[in-house]
Amino acid sequence: MMKIIQECEVCGGEGKVSPPVGGVDSNGPWVEYREKQCEECEGTGELSWEDDYESEEEVRETYPEILRVEYN
């Protein structure tokens with residue numbers, strides 16, 4: 001079994017996202033960006049899962065975008 005690790009696509013590996021927040025007040029419409037932890041990767045910047053492969057080369061053929069492979 002191998003643990004396959006790739007960069008989180010939602011936050012680009014940062015572990016944080018800055019979604020826009022806005023509204024309207026007496027001065028008119030406003031927008032600001034509030035940084036928060038990425039919910040997809042729980043702030044790690046990486047996503048991982050386990051799968052069965054014969055070799056790391058086979059994993060990289062299937063998932064060319066992976067960061068690394070860990071052996072369990």
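## Exercises: a hairpin and an aromatic cluster

Strands β3 and β4 form a hairpin with 2 residues between them. The model is predicted, so local features need pLDDT of at least 70 and side-chain atom pairs pLDDT 80 or more, while totals for chains, interfaces and linings use all residues. Residues are numbered from 1 along each chain as its sequence is written, and side-chain values use heavy atoms, without hydrogens and water.

**Exercise 1.** Determine how many bridges join β3 to β4.

*Solution.* Take the strands as DSSP runs (E, at least two residues; helices are H or I, at least four), numbered from the N terminus. Two strands pair if DSSP finds at least two bridges between them. Here 6 bridges join β3 (residues 20–25) to β4 (residues 28–33), and the strands run antiparallel. Within this pairing, G23 stands opposite W30 in β4.

**Exercise 2.** Classify the ring pair W49 and Y63.

*Solution.* Rings of Phe, Tyr and Trp (its six-membered ring) pair if their centres lie within 6.5 Å; planes under 30 degrees apart are stacked, over 60 edge-to-face, the rest tilted. The rule gives 2 aromatic pairs. For W49 and Y63 the centres are 5.1 Å apart and the planes at 70 degrees, so the pair is edge-to-face. W49 lies in strand β6 (residues 46–51) and Y63 in the loop between α1 (56–62) and β7 (66–71), 14 residues apart.

**Exercise 3.** Decide whether Y53 is buried or exposed.

*Solution.* Buried means under 20% relative accessible area, exposed over 50%, partly exposed in between (1.4 Å probe, protein chains only). Y53 has 17%, so Y53 is buried. W49, Y53 and Y63 form one aromatic cluster.
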